[in-house]
Amino acid sequence: MARRTTSGLLFQGSDWNFATLSRAYDAIEQVAIEEMGLSVYPNQLEIITSEQMLDAYSSVGMPLMYQHWSFGKRFAYEEHHYRKGHRGLAYELVINSNPCITYLMEENTMAMQALVTAHAAFGHNHFFKNNYLFRQWTDAGAILSYMDFAKKYVTKCEERHGTAAVEAILDSAHALMDQGVFRYRRPPRLSSEKVRERARERLEYEEQTYSDLWRTLPQVAENRDPAEAERDASERKKVLNLPEENLLYFLEKHSLILEPWQRELLRIVRVIAQYFSPQRQTKVMNEGCATFVHYTIINRLYDQGRIGEGHMLELLQSHSNVVFQPDFDDRRYPGINPYALGFAMMQDIQRIATEPTDEDRDWFPSFAGNGDWMETLRDAWANHRDESFILQYLSPAVMRKFRLFQLSDRSSDRFVEVASIHNERGYSAVRSALANSYDVAANQPDIQVMDVDLLGDRQLRLQHNVKHGILLDEGSRDATMRHIRHLWGYEVSLAGVDAQSGRTVYECSTAKSSE
């Protein structure tokens, strides 16, 4: 893009007011929409204090959130470290909603307000609106209305049933949030008015038809034919749609002890867990997209003469801090910085599309030298998650820049082996290994509901598919099973089965753990 000047600087000095914010926003929007071709939700910018930012931290970043003791605990923790100077606060916070809400810290300088507006209000916003995971699993237009309903409903339950009773259900539901999402099928899309209306109708119906007789245990038939028992088990699994990966969904629909209001609390937690699920699978892409967008926009505004050199130095310093990747032996090393990796890969895509090497043409024949780097990036942002993005777009040049290699660290070996280095075969192995490390489904415990005899002992039978010999921590495993029993009402058993051989590795139950 050629350098040109326009009507002058967007701002001078570090102070800001709403007129300056509006002027900077308009200039940023022009570059983002007209030159970069971004497609975003309408933006809503809100200025908040540091204490409000801490409060947003504690309530998982939602502007409307029900009360729970864990949020207050996290607020106290974050506030303590912030006051002591052990950590800073984010310059912004953005909500995947329609309109897209961006919180800006009032302590930010004007230059930082411009940077975070480009980063969040256009970078994250575009990613939220266009990425397939967010389009498939979330409804940005309904989430704020639903959260308003959830907050009021939890408050209503506390008034009617007591804070302790509500807290007990939420404690157990929160413990199962990681196992409370659908991963492989599309749920019904949220609708702001229909969700609340159906919730009211469902609660009224269940309150009218609920009977305490469901708590009683029927007699189990004796001396049953094994073939008949197997047919019955197959039939009930079919009726209950087993196996089921979403534990919260199964408990909400099939628990025999929960009252209607308790089921609705489980559903609220489950909807929130599903809402945040895409963000966990796109950390590198989402932050990389936002960082690439703000970097491109501020450089374009500088080329236009809209940002002065002094402010540009401030912006580049902040940008450099964001994409800084400490070495492995640095005390600050937290792992691979998702901002750094995502931004480096997206800059590399821009380079490959415009100035490819022979190596690039061999690795990326589909877009190397096509000249349209923004179209290539928009396509990648829309159709990938972290795992597939790295597997398809990580180049040898980026691997060399980050000095990536692969170690083989098998438990049966007495030594660590460098398995893959910087050669053609090694690049492929390193890229595959790094991509697998970002596969949320592969790195989370795979626990499913396998069977339950609702007319028999009603014991809930779960199965943990053990991968690579990695077992669950016994302490957290038993604690989580107690939460499941609390919501189910009857005994819960868990069998660990090796994912490859099918061999049973371990068995445990709430009955054994309580002995």
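Two residues are taken to be in contact when heavy atoms of theirs lie within 4.5 Å. The structure described here is a predicted model.

On this definition, and leaving aside neighbours within four places in sequence, Ser395 is in contact with Asp348, Ile352 and Phe364. Ser395 is located in the loop that lies between α17 (386–393) and α18 (396–401). Its relative accessible area is 0%; because buried denotes a value under 20%, Ser395 is classed as buried. Phe364, one of the contacts of Ser395, is likewise buried, as is Phe367.

In the protein chain as a whole, 22 helices and nine strands are assigned. Of its 515 residues, 47% count as buried. The accessible surface of the chain amounts to about 26,300 Å², and carbon and sulfur atoms contribute 48% of this area. Among contacts with a separation of 6 or more, 74% involve residues 24 or more positions apart.

A search of the whole structure for aromatic pairs returned 17. One of these is formed by Phe292 and Trp373, an edge-to-face pair with 6.0 Å centre to centre and 75° between the planes. Phe292 belongs to helix α12 (residues 283–303) and Trp373 to helix α16 (residues 373–383), so the pair ties together parts that are 81 residues apart in sequence. Phe292 and Trp373 are both buried. A tilted pair is formed by Phe364 and Phe367, with 5.4 Å centre to centre and 45° between the planes. Phe292 and Trp373 also belong to one aromatic cluster, together with Tyr295, Phe343 and Trp381.

Notes
Residues numbered from 1 in each chain as written. Predicted model: local features only at pLDDT ≥ 70, side-chain atom pairs only at ≥ 80, totals over all residues. Heavy atoms only, no water. Helix = DSSP H or I, 4+ residues; strand = E, 2+ residues; numbered from the N terminus. Buried < 20%, exposed > 50% of the residue type's maximum accessible area, 1.4 Å probe, protein only. Areas by Shrake-Rupley, 256 points an atom, 1.4 Å probe, with all protein chains shown as cover. Phe/Tyr/Trp six-rings, centres within 6.5 Å; stacked < 30°, edge-to-face > 60°.
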